[in-house]
Amino acid sequence: MGEDGQQGSLPRLRLDQLLDELQVRIGAVRNTRDRLHVLLESVLAVGRELDLSQVLRRIVEAAVVLVDAEYGALGVIGQGRQLVQFLPVGIDDEVRRLIGDLPSGHGLLGELIRHPKALRLSELSEHPASSGFPANHPPMRSFLGVPIRVREEVFGNLYLTEKRGGADFDEEDEAVLSTLAVAAGVAIENARLYEEVRLRERWLEAGAEVTSALLSGVPESAVLEVLVERAREITSAELGVVDLVESASGELRGALALGRWAERHQGLVLPTEGTLAGAAMGSGSVVVSVDVRKDSRVTYGPDRWEGLGPAVAVPMGTRDGVRGVLLLARGAGQAPFTEAESKPLRGFADQAALALELSDRRRDAEQMSILEDRDRIARDLHDLAIQRLFATGMTLQSAQRFVQHPEAVERVGRAVDDLDTTIKIIRSTIFGLRAHEVPEAGTGLRIRVVRALEGVAPALGFTPALRMEGLIDVDVPGDVAEDVLAVLGESLTNVARHAGATAAEVVLVARGGEVVLTVTDNGTGLPGGAGRRSGLRNLAERAGRRGGTCAVKAAEGGGTRLDWRVPLRTARPGVSDAGPPEGAGPR
């Protein structure tokens with residue numbers, strides 16, 4: 001009986017063990033099923049997102065849940081095989097603030113960058129590449145890391161630490177996380193493509209807006225402002241600057257700055273050496289900086305970039321050369337400019353150069369229109385108004401001898417004088433309208449003579465009459481023109497000081513290979529003062545140095561006449577002047 005009972009209990013014991021083992025296996029199957037279900041949900045959730053930043057956040061959050069980790073992070077690899085983005089999960093904002101700067105890819109995190117394959121550790125501090133934790137960092141022991149590949153290119157890595165319950169990450173955790181990484185690569189690629197399409201659409205819209213502004217005749221400054229503002233919006237840049245090339249010095253001038261700390265860059269004159277804008281201008285291509293504050297190429301005024309980090313500089317060029325540089329910068333710690341962001345900037349910046357080119361052409365066209373109007377007015381005054389006034393004056397002069405009443409004779413004579421003065425005023429106006437004939441507007445001898453007469457008028461008490469003949473601005477060299485102005489100034493000063501004149505006439509003629517200046521006044525005649533003789537000696541010496549002559553004699557009807565003439569180095573015989581006709585008026 002006892003033996004039979006003992007033998008009966010053994011099968012029951014084996015059955016209980018089998019049932020327990022079966023329950024364990026069923027539990028494991030259920031756990032695997034649940035985990036696969038969670039994995040599938042995670043893959044679907046990640047795949048539904050199209051915004052890249054949200055995709056990355058979803059990936060690391062799903063990874064923490066799948067392997068039951070306390071902490072997780074996703075690191076994005078950029079230029080120089082450094083981490084340019086680091087998205088942690090499980091660490092609150094206060095702890096992150098205490099830790100300080102996020103990791104850039106050194107130590108154990110850099111191990112996966114250098115060797116992109118799954119890495120599982122029971123004690124991460126024992127790995128040879130481990131460099132310890134910064135101050136205020138939470139303790140971490142177990143570690144699991146897997147790379148994320150996008151089209152065979154390593155995009156970044158998933159880092160998981162501290163398996164809950166104090167256990168180690170196992171092979172199943174590694175397999176699940178590797179599966180998530182594959183799905184993450186597909187989701188990232190889709191998000192990238194979607195982002196590139198959206199980015200291209202935004203650049204096209206911005207380009208259309210700039211083109212519309214160009215064609216509608218909006219001022220250059222407004223076009224540049226629209227261009228910089230749209231570039232800032234599309235690239236999420238905090239600062240946008242346009243530096244234009246100074247044609248004289250070749251330096252760069254901050255023509256426009258918008259955004260944060262814009263006042264540091266507005267109106268600033270920069271050398272081409274030691275600046276990011278200069279580097280872009282020198283290379284003729286897009287220049288990207290991960291951190292402009294620490295960029296070795298930026299040696300001039302680095303304090304301007306305080307608070308800013310990633311930057312991109314793009315030359316603005318046309319077929320005629322580089323007109324300037326468009327520069328965009330993000331805040332410190334933000335993501336660097338990607339190739340997808342910086343590549344369209346070149347064409348966009350060229351639109352800015354086109355805006356400048358069109359503005360110059362529009363300004364030139366407007367100036368030409370003004371000059372053509374001046375030519376037309378001067379021509380009409382010369383060909384119509386002066387000739388009619390001259391004819392009227394001659395008619396009055398011829399009729400004057402038939403007038404018997406003395407008062408009528410005096411009135412006719414006064415009318416003739418008024419016509420004479422009017423003709424002289426119109427001639428001076430014509431000279432002013434034709435000032436654009438001078439290589440540099442406003443600096444020709446004709447204009448300078450007119451201004452000299454206007455300047456001495458207060459001292460004389462009247463404005464001298466003026467007559468100019470010949471191609472004065474073309475034939476008279478610059479050094480001779482300076483002498484002419486000096487002689488004119490000295491002569492009129494003598495008239496004001498010594499002659500006591502009430503009228504004077506200045507005649508300047510460039511013809512027949514010489515320039516002749518004649519100054520006539522109706523004053524008291526030649527005085528005997530030493531000062532006047534000294535002034536005349538200076539005028540004679542100026543003429544003598546150039547092989548010319550200077551003569552002073554009494555004028556007909558009283559007063560003094562000065563004739564100062566010197567030969568020109570080059571004469572232009574046979575070329576008629578387009579100026580007013582000879583003669584000061586009808587008299």
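These legends go with a set of close-up views of one predicted model.

Residues are numbered from 1 along each chain as its sequence is written, and side-chain values use heavy atoms, with hydrogens and water left out. Since this is a predicted model, local features need pLDDT of at least 70 and side-chain atom pairs count only at pLDDT 80 or more, while totals for chains, interfaces and linings use all residues.

**View 1. The whole chain, before zooming in.**
The chain holds 14 helices and 16 strands. Both kinds of element are DSSP runs numbered from the N terminus: helices are H or I runs of at least four residues, and strands are E runs of at least two. Of the 587 residues, 42% count as buried. Here, buried means under 20% relative accessible area, exposed means over 50%, and partly exposed is in between (1.4 Å probe, protein chains only). Now take contacts, meaning heavy atoms within 4.5 Å: among those in the chain between residues at least 6 apart in sequence, 63% join residues at least 24 apart.

**View 2. An open sheet with five strands.**
Read across the sheet and you get the order E2-E1-E5-E4-E3, with antiparallel pairing. Two strands pair if DSSP finds at least two bridges between them. In general, strands of a sheet pair through backbone hydrogen bonds, either parallel or antiparallel. Who stands at the edges? Strand E2 (83–89) and strand E3 (119–121) do; each has a single partner strand, so one side of each is left without a neighbour in the sheet. From one strand to the next, the twist averages 15 degrees.

**View 3. Strand E3 beside strand E4, with helix H4 lying across the sheet's strands.**
E3 and strand E4 (residues 143–150) pair in the antiparallel sense over three bridges. Look for leucine 119, whose bridge partner in E4 is glycine 145. Helix H4 (residues 107–114) lies across E1, E2, E3, E4 and E5, and runs at about 140 degrees to E5. For that angle, axes are lines fitted to C-alpha atoms (for helices, over the stretch in contact), and angles run from 0 to 180 degrees between N-to-C directions.

A salt bridge is a side-chain nitrogen of Lys or Arg within 4 Å of a carboxyl oxygen of Asp or Glu. By this rule the count comes to 21 salt bridges. One of them joins aspartate 68 to arginine 164, with the closest N and O atoms 3.5 Å apart.

**View 4. Two salt bridges between sequence neighbours a few places apart.**
Glutamate 233 and arginine 230 meet in a salt bridge at 3.4 Å, N to O. They are three residues apart in helix H6 (residues 220–235), so about one helical turn separates them. Aspartate 295 and arginine 297 form another salt bridge, with their closest N and O atoms 2.8 Å apart. Is aspartate 295 buried or exposed? At 12% relative accessibility, aspartate 295 counts as buried, whereas arginine 297 is partly exposed at 35%.

Glutamate 341 belongs to helix H8 (residues 339–342) and is buried, with a relative accessible area of 16%. A polar contact is a pair of N or O atoms within 3.5 Å; within protein, one must be able to donate a hydrogen and the other to accept it, and residues adjacent in sequence count only if both atoms are side-chain atoms. The side chain of glutamate 341 makes one with the side chain of arginine 330 at 2.6 Å. That glutamate side chain also reaches the backbone nitrogen of threonine 338 at 3.0 Å.

**View 5. The largest nonpolar core.**
A nonpolar core is a set of buried Ala, Val, Leu, Ile, Met, Phe, Trp, Tyr and Cys residues joined through side-chain atoms within 4.5 Å. This one has 35 residues, and Leu445 and Trp564 are among those with the most contacts inside it. Its largest share, nine residues, comes from H13.
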